[in-house]
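Me: Could you take one part of this model and look at it closely with me? I'd like the terms spelled out with their cut-offs as you go.

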Amino acid sequence: MTLRLAVGGFQHETHSFAPRPTIFADFERPAGFPPLSRGVALIPALSGSQTALAGAMPVLEEAGATLLPLSWCLGMPAGPIEDSAFERIAAMLAADLSDALREGKVDGLYLDLHGAALTDSIPDAEGELLLRLRRILGPEVPIVISLDPHANLTAAMVEYSDGIVPYLTYPHVDKRETGATAARLLLDRIAGGKPYAKAFAQLDYWMTLSSQCTMVEPMKGVMAKRAELEKGIAALGFCFGFPYADFADCGVAFAAYAETREAAEAAAAQFLTFLNGLEERFKPDALPVAEAVALALESSRGANGPVIIADTQDNPGGGGHEDTTGLLAELVAQGASGAVLCLINDAESAAACHAAGEGATLALSLGGKSDGMPFEGEARVLRLGNGSFPLTGPMGAGNHANLGPCALVEFAPGVKVMVASRKTQAYDQAILRHLGVEPKDCPIVGLKSSVHFRADYEPIAARIIVAAAPGPVIADPSTLPFRHVRPGIRMRAGDFGGRAVG
Ligand SMILES: [Zn+2]
């Protein structure tokens with residue numbers, strides 16, 4: 001008999017201390033991702049996109065299943081989701097699932113979740129969503145979810161689902177593969193006829209974002225160990241955590257699934273011991289911005305390729321507004337002629353550049369809308385663009401950028417800045433190429449990104465420097481005013497000094 005499988009998704013990575021709250025409209029048309037899609041419109045909107053759901057659907061269809069599309073939406077990382085926005089999204093998913101049940105049985109549910117969402121009053125939004133959908137489906141119907149590994153995995157998320165499958169890469173270049181893996185786990189779970197035994201564990205220390213990159217050590221070795229341990233069991237879902245969410249379950253966690261409790265617990269215990277042995281390797285490592293720019297200037301002399309400066313603390317993928325100007329000010333102050341910054345999100349300045357026209361010079365008060373520190377100066381407009389172009393890098397290909405009116409401007413002494421009307425993480429070379437800049441020909445490229453840029457930029461980079469310019473995505477999260485994290489958690493990995501948490 002044909003399986004009837006419901007599919008949907010909800011994605012948000014919430015930064016408790018980010019300057020802007022997340023509202024319903026943020027989910028309707030996110031830049032660079034499919035729009036909020038519901039029912040039959042979901043399948044064409046998501047097919048072929050850089051999402052896990054796009055990878056799951058063909059696997060389920062090839063298995064002969066009938067897809068029951070619910071709702072899918074994604075909001076760019078920012079501050080806590082307004083309760084009303086979450087309630088509307090949860091209500092859509094619940095209503096769609098309820099409708100699917102009116103038409104016939106539902107044999108399973110696959111959800112494309114992020115795993116680090118919190119709302120004004122719900123600290124574990126995915127746990128809450130899963131509980132509600134679990135109540136609708138009842139205890140027997142398998143639910144498998146894919147996650148972004150920046151999920152702050154909770155016991156509730158593990159309890160109310162039958163399996164979790166996070167991406168294995170950061171930069172996330174395996175979203176579709178992860179969706180396919182989750183789909184196969186759901187099919188296996190249905191075929192097996194009974195739930196897997198589960199073992200859930202949380203680490204006592206946090207991993208900074210820049211130390212989570214899976215292309216380099218220590219994470220490369222961690223992912224190899226995870227794969228080795230998974231060989232003997234059904235699944236080992238590992239989440240690195242998003243250390244900017246102020247709630248008790250913020251941090252690193254994983255769940256092992258096996259036929260027997262003993263096998264799940266043995267794999268979890270081995271992985272926990274392995275990770276605990278690596279704690280010292282996950283310490284914060286960003287340089288103060290002045291040092292980072294000086295080092296970039298020195299390194300770029302005679303270099304074969306650009307020196308990349310990651311402006312990690314304004315990473316829009318971590319909840320930054322992408323308009324802080326600390327790195328720009330430092331590039332100008334140190335005379336970094338030829339350097340280019342990608343990008344400053346400032347619709348007002350982009351409009352002013354379009355009004356002035358290519359070749360014009362105008363006074364700009366650029367960026368700084370989120371923190372009150374704009375960069376003031378005379379800018380020459382080098383190039384204008386409409387912000388609409390296909391992404392081409394390993395993370396973006398398949399998605400279309402929609403940044404609104406854009407401009408490339410230059411401040412003396414020759415520091416170029418891309419100005420856009422909407423924010424997007426600077427992880428794709430197509431963003432600069434849209435305005436005629438070839439990244440590999442620039443001596444220094446500043447990027448508003450923490451790690452994702454590495455997928456497209458590492459092949460051309462002579463050197464990568466992580467800079468800590470003022471911004472909300474603090475490279476050392478232990479300096480933020482957390483109030484709700486677990487007692488005893490080490491927010492600075494390796495810091496056994498007993499920092500008080502209250
Ligand atoms: Zn992520």
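Reply: Happy to! Two strands are said to pair if DSSP finds at least two bridges between them. Strands themselves are DSSP runs of E with at least two residues, helices are runs of H or I with at least four, and both are numbered from the N terminus. The model is a predicted one, in which local features need pLDDT of at least 70 and side-chain atom pairs pLDDT 80 or more, while totals for chains, interfaces and linings use all residues. Residues are numbered from 1 along each chain as its sequence is written, and side-chain values rest on heavy atoms, with hydrogens and water left out.

Nine strands form an open sheet with mixed pairing, in the order 10-20-11-19-12-18-17-14-13. Its edges are strand 10 (287-288) and strand 13 (361-366), each of which pairs on one side only. Further in, strand 12 (residues 340-345) and strand 19 (residues 444-447) run parallel and are joined by three bridges. Within this pairing, Leu341 has Gly446 of strand 19 as its bridge partner.

Angles run from 0 to 180 degrees between N-to-C directions, with axes fitted as lines to C-alpha atoms, for helices over the stretch in contact. Helix 11 (residues 326-333) lies across several strands, including strand 12, strand 18 (415-420) and strand 19, and runs at about 160° to strand 18. Helix 12 (residues 347-356) also packs on the sheet: its contacts include strand 12, strand 13 and strand 17, and its direction makes about 175° with that of strand 13.

A disulfide is a covalent bond between the sulfur atoms of two cysteines; here the test is a pair of cysteine sulfur atoms within 2.5 Å. The structure holds zero disulfides. For Cys342, the closest cysteine sulfur belongs to Cys406 and is 9.4 Å away, so it is too far for a bond. Cys442 is likewise in no disulfide, as its nearest cysteine sulfur, that of Cys342, is 10 Å away.

How buried are they? Buried means under 20% relative accessible area, exposed over 50%, and partly exposed in between, using a 1.4 Å probe and protein chains only. Cys342 has a relative accessible area of 0%, so it is buried. Cys442 reaches 10% relative accessibility and therefore counts as buried as well.

Definitions and conventions
Contact means heavy atoms within 4.5 Å.
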